[in-house]
Amino acid sequence: MELTGAQALIKSLEMQQVEVMFGLPGGAILPVYDPIIDSSIRHILVRHEQGAGHMAEGYAQVTGRPGVAMVTSGPGATNIVTPLADAYMDSIPLVVVTGQVATSAIGTDAFQESDITGITMGITKHNWLITDGADIPRVVAEAFHVATTGRPGPVLIDVPKDVAIKPMEWYHPGPSDLDLPGYHPLTEGDPVLVRQAVEMLLAAERPVIYAGGGILKARGAEALRELAERTGIPVVTTLMARGCFPDSHPLCLGMPGMHGNYTAVTAMQRSDLLIALGSRFDDRVTGRIDAFAPEAKIIHVDIDPAELHKVRHADVAIAGDCRLVIDEMLVALADLGLPHSDATRGGSGGAPSDAVSGAPATAGSVAASHPRERLIPWRAQLSQWQGRFPLVYDQQPGSGALKPQFVLEALRDATPDDTIVASGVGQHQMFASQWWQFDYPYTWVNSGGLGTMGFAVPAAIGAKVGRPDKMVWAVDGDGCFQMTAQELVTASSERIPVKIAILNNAYLGMVRQWQEMFYEERYSEVYLSPDLPDYVGWAEAMGCVGIRVDSTEEVASAIDKANDIDDRPVVIDFRTDAFEKVFPMVAAGASNDDIIVDPSLTEGDGR
Amino acid sequence: MSVYGTDKRHHTLTVLVENKSGVLARVAGLFSRRGYNIFSLAVAPSDNERFSRITIVVDVESSPLEQIIKQLDKLIPVVSITELDPERSRERELLLATVEAAADTRGQVIQLVGVFEGKIVDVGPDRLTVMLAGAPTKLDDFEDLIRAYGIVEMQRSGRVALPMLDRSGEHLAPPRPESPVALTTEKAG
Ligand SMILES: Cc1ncc(C[n+]2csc(CCOP(=O)(O)OP(=O)(O)O)c2C)c(N)n1
Ligand SMILES: [Mg+2]
């Protein structure tokens, strides 16, 4: 069967079960847009290519399937560079197709030519420039394989215009057609090392499971829960891992790191054994690395061998898929006399399944409330810290400034437990991660590694496209919102009813906080204005419902109103306290021992 | 003293890569982006047209060798990486140099080339272009000696290397390109 390269490309995407893609056409990609008219794939026309990339990321994060985006050459391609870098940092499977000038024009500085494979070499897992139409079915199959296996990540396929136009002979690429002699993703861990790890884990007195985004990538939430419950070991969930272990679970210590809670941070610091599962000792978690968890031995499980020993030497380093390795650990535990507890998998308790719609966490399960003897003092210490240093804020009733934390608590309590939350980058992101209760995997969508302002709106849209059955809220900053708000036009015209809570503090708040704390309150270029733009007017101009909230009394009704709207996007402009800071905080470059908690917690004790 | 030769910080990696466009850029880009220092680099087709062999001498001062190998290994077109122990491998390099050789010194230069079993590849009125292939340390010595006469231009190819054959004649070489299997490192995604 003879097809044009363009038809072959779209057919190849269909064969990968692509149901939706995000994009915006232009000269070089024009031929590929033609067969889209006849395709089963839904195409969502964005207003800026960055939006397409973040939507694909949001879609991928909540569905576990690769996100697909398609853009033209030159500026279209460079506009999607940020999402590629973002997906690379957070290991999100993306397949981005870019148009390219005709092969004969490559290298001549032709109109809208840019060397996108060169530009994205360092921020993709791999990329391909197709020079022969006959390669299309194979390369698309390779691209999906590479993006979704091993440590997932973004890939890019660059398609010159003449390759898209010319006819080629179609074939179904089988597994043997994949030409990847240098690619062999890992799966299981070494059983000898697993056994060693389990022995360490049973001998430890102050163990902590340091769960990272890899748990979610490996769809290992259930396995993790069983490991924690069977061993009684408490769990911290990093910014990328929020939701992989239920916040409501008695063994959950919440988020560690620069703005993590006191107990999570200090538990890691004092630990004698850190079990790092799909986490990578990011500097935002470790603080000053040479002062991090000084007494802890390290078990490190990661599918990417290059993460092992990269930042911190591991005593036992296991290269493998997190879920499979945890399963191997569970078997080894049984061998060592710690069999299934009845509150775990297969029992009546109902663990949160990796399908987002699983049953909720059952707080206070048997195993969790009866820690193994050896861990009793440690668990008592943790409880004491939790009691002494909770997350706090001070919302004055009545006319007092509206606190962002108050808004988040109200939003959390007024939405279904499995609501998907997407966030931007800044104070609002940290408040959201701290104050939301994540009890289900794949309900938290954020930009962790790259920290991309403007992520929330398009990511929320992509998430809603992937999970139309779920309520999707974006928690955004006023600064972030202004970077990608145009995608609400996309959402309105495509009838994607996302809800946006802008925590409008009139500042680039996170930067403002650093200037207040570390630059003697010298505020340089951080003031934005609460009224410019007019967020309600802007939202309405984009086809959304716009609501403004100034005080605590208006919060609940505005949220209820937003929750009732299901035919268009809603934007709530919450006017929040410009002076609120995120605590706890470990200053950049400081040791986690020097964590600064909310000043109200240390009044009078000279801390 | 030449900076060439055997330095403890220098490790030789032979990297078998798919013979696809952009491979060298990927390897070089990885080194620059991660701040790894390349001491020398040589690329050539292997005995199978699908693959090329890149011989990289890395400076492990910049980063632990293990990290460099693992990151390199993550590049999709990298098929296998073998670290060559200098004690157990044959390393060779080529040197080309144009040397001042006026009538009074010409005889000495020619003699030196002869002692080192090099070749004279071009002759001018008062200069010679000489060639020497051999172990990098031998090239270092030669370079030191001809410097006295005045080096006009010099190029060294960078090292290439293959493992030594063991006594039994068993092949210790990197995997045959026909059936690529990673020897030293597990490939991972
Ligand atoms: C694209 C981009 N530019 C700059 C930054 C640096 N940055 C981090 S947080 C922040 C402020 C964000 O402001 P806003 O969205 O209002 O959130 P807030 O901190 O006020 O909640 C900035 C500028 C960034 N992370 N991303
Ligand atoms: Mg702000």
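In the predicted model, A:Ile500 touches A:Val457, A:Trp473, A:Ala474, A:Asp476, A:Phe481, A:Leu488, A:Val570, A:Val571 and A:Ile572, leaving aside residues up to four places away in sequence. Contact here means heavy atoms within 4.5 Å. A:Ile500 is also among the residues with the most contacts inside the largest nonpolar core, together with A:Phe22, A:Phe481, A:Leu488, A:Val498 and A:Val571. This core has 51 residues. A nonpolar core is a set of buried Ala, Val, Leu, Ile, Met, Phe, Trp, Tyr and Cys residues joined through side-chain atoms within 4.5 Å; buried means under 20% relative accessible area, exposed over 50%, and partly exposed in between (1.4 Å probe, protein chains only). Helix 19 (residues 456–466) of chain A gives the most to the core, with seven residues. Because domain 1 (2–177) and domain 3 (404–575) of chain A both give residues to this core, it lies between them. Domain bounds come from an automatic or database domain assignment. Another core, of 40 residues, lies apart from it and includes A:Leu227, A:Ile275, A:Ile299 and A:Leu330.

Residues are numbered from 1 along each chain as its sequence is written, and chains are lettered from A and ligands numbered from 1 in the order in which they are written. Local features need pLDDT of at least 70, side-chain atom pairs count only at pLDDT 80 or more, and totals for chains, interfaces and linings use all residues, while side-chain values use heavy atoms, with hydrogens and water left out.

In strand 18 of chain A, A:Ile500 is the bridge partner of A:Ala474. Helices (H or I, at least four residues) and strands (E, at least two) are DSSP runs, numbered from the N terminus. Strand 17 (residues 472–477) and strand 18 (residues 499–504) of chain A pair in the parallel sense over five bridges; two strands pair if DSSP finds at least two bridges between them. An open sheet of six strands in chain A has the order 16-15-17-18-20-19, with parallel pairing. Strand 16 (444–445) and strand 19 (545–549) of chain A stand at the edges with a single partner strand each, so one side of each is left without a neighbour in the sheet.

Helix 11 (residues 221–231) of chain A is mostly covered, with ten of its eleven residues buried. Among them are A:Leu224, A:Arg225, A:Glu226 and A:Leu227. A:Gly232, which follows helix 11 of chain A, has a positive phi, near 70°.

Chain B contains four helices and nine strands. Of its 189 residues, 46% count as buried. Chain B is divided into domain 1 (10–85 + 173–182) and domain 2 (90–160), and the C-alpha centres of these domains of chain B lie 30 Å apart. Their contact takes eight residues from domain 1 of chain B and five residues from domain 2 of chain B.

In helix 3 (residues 103–115) of chain B, the buried residues are B:Thr105, B:Arg106, B:Val109, B:Leu112 and B:Val113. They cover an arc of only 135° around the axis, which puts them on the same side of helix 3 of chain B; the arc is that of the directions from the helix axis to the C-beta atoms. The face turned away from this buried side carries the exposed residues B:Ala103, B:Asp104, B:Gln111 and B:Val115. Cover for the buried residues of helix 3 of chain B includes strand 5 (89–100), strand 6 (119–123), strand 7 (127–134) and helix 4 (136–147) of chain B.
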